[in-house]
Amino acid sequence: MRLGLYGGSFDPVHYGHLLLAECSRETLRLDEVWLIPAAIPPHKQARERAAAKVRLEMLELALAGHEQIKASRIEIDRGGVSYTLDTLEAVKQLHPAATLFFLMGADSLRDLPTWREPRRICELAIPAVVRRGGAAEPDFSVLAPLVSPERMAETRAAQVEMPLIELSSTDLRQRAASGKTLRFRTPRAVEKYIETQGLYKT
């Protein structure tokens with residue numbers, strides 16, 4: 001089994017997230033991709049966010065009917081600050097024979113050495129860096145002190161390119177707060193959920 005893991009706040013999920021997951025599934029020939037909303041993101045602990053249950057429900061609405069891309073509640077059920085290391089360890093216990101790919105953007109790659117036990121993260125999963133169309137190749141040199149030459153080669157081979165799509169959850173929250181439409185920025189079911197729940201209203 002080839003399993004892609006994609007973590008984040010997903011507050012709210014938008015088409016950029018979904019396109020990243022689908023491009024990764026296709027490029028890396030993944031059997032499944034799990035989108036994993038953090039209970040408390042380590043790097044965003046101070047910011048207020050929608051409740052974990054709400055962010056998970058929006059993901060499930062966005063992914064309804066997709067058999068290979070799924071929302072995972074593994075970090076929400078664990079609670080507390082969601083460290084990538086703990087999640088990879090847990091998934092490896094669930095699927096010991098699976099080849100794990102940890103999906104991330106180039107900015108996350110740059111920060112990876114500052115995360116909890118980055119060397120162990122790279123042992124448990126192949127970092128799969130997703131870059132936007134036309135962007136320069138990521139700087140993999142940050143991984144040199146952390147990984148074997150074999151893992152570095154696997155990481156370079158696991159690059160994913162996706163179309164340039166300028167969407168951010170921050171922008172969607174601001175639009176919702178000011179009463180602007182989210183149409184065509186997130187799936188219609190998520191848009192209606194945000195409206196009916198009154199999410200992100202100041």
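Helices here are DSSP runs of H or I at least four residues long, numbered from the N terminus. With that in hand, let's look around this predicted model.

**View 1. Cys122, tucked away in helix 6.** Cys122 is found in helix 6, which covers residues 118-124. Is Cys122 buried or exposed? Its relative accessibility is 1%, so Cys122 counts as buried. Setting aside neighbours within four places in sequence, Cys122 is in contact with Leu112, Pro127, Leu143, Val147 and Arg151. Look for Thr155 as well: it sits 33 residues from Cys122 along the chain, yet the two C-alpha atoms are separated by 9.2 Å.

**View 2. Helix 7 and its two sides.** Helix 7 spans residues 149-157, and its buried residues are Arg151, Met152 and Thr155. Seen down the helix axis, these buried residues fall within an arc of 105°, so they line one face of helix 7. What do they pack against? The answer is helix 6 and strand 5. On the face turned away from the buried side, you'll find the exposed residues Pro149, Glu150 and Ala157.

**View 3. The largest nonpolar core.** In soluble globular proteins, nonpolar side chains tend to be buried together. Here, the largest nonpolar core has 35 residues, and the members that touch the most other members are Val13, Leu28, Leu35, Met58, Phe101, Leu103 and Ile194. Several elements give two or more residues to this core, among them helix 1 (15-27), strand 2 (32-37), strand 4 (99-105) and helix 9 (188-197). Which element gives the largest share? That's helix 2, with five residues. A second, separate core of 25 residues includes Ile74, Leu85, Leu88 and Val91.

**View 4. Zooming in on Leu28.** Leu28 is one of the residues that touch the most other members of the largest core. Who does Leu28 meet, leaving aside neighbours within four places in sequence? Its contacts are Arg2, Phe101, Leu103, Ala128, Ala158 and Val160.

View 5. The side chains of Glu57 and Lys53 meet in a salt bridge, with 3.3 Å from N to O. Both residues lie in helix 2, four residues apart, which is about one turn of the helix. An α-helix has 3.6 residues a turn, so residues three or four places apart point the same way. Glu57 is partly exposed, with a relative accessible area of 26%, while Lys53 is exposed at 55%.

**View 6. Arg183 meets Glu191.** These two side chains, Arg183 and Glu191, join in a salt bridge of 3.5 Å, N to O. Arg183 is partly exposed, with a relative accessible area of 37%. How about Glu191: buried or exposed? Because its relative accessibility is 3%, Glu191 counts as buried. Elsewhere, salt bridges that share partners join Glu89, Arg120 and Glu123 into one network. Across the whole structure, a search finds twelve salt bridges.

Methods. Residues numbered from 1 in each chain as written. Predicted model: local features only at pLDDT ≥ 70, side-chain atom pairs only at ≥ 80, totals over all residues. Heavy atoms only, no water. Core = buried A, V, L, I, M, F, W, Y, C linked by side-chain atoms within 4.5 Å. Buried < 20%, exposed > 50% of the residue type's maximum accessible area, 1.4 Å probe, protein only. Contact = heavy atoms within 4.5 Å. Salt bridge = Lys/Arg side-chain N within 4 Å of Asp/Glu carboxyl O. Arc of directions from axis to C-beta.
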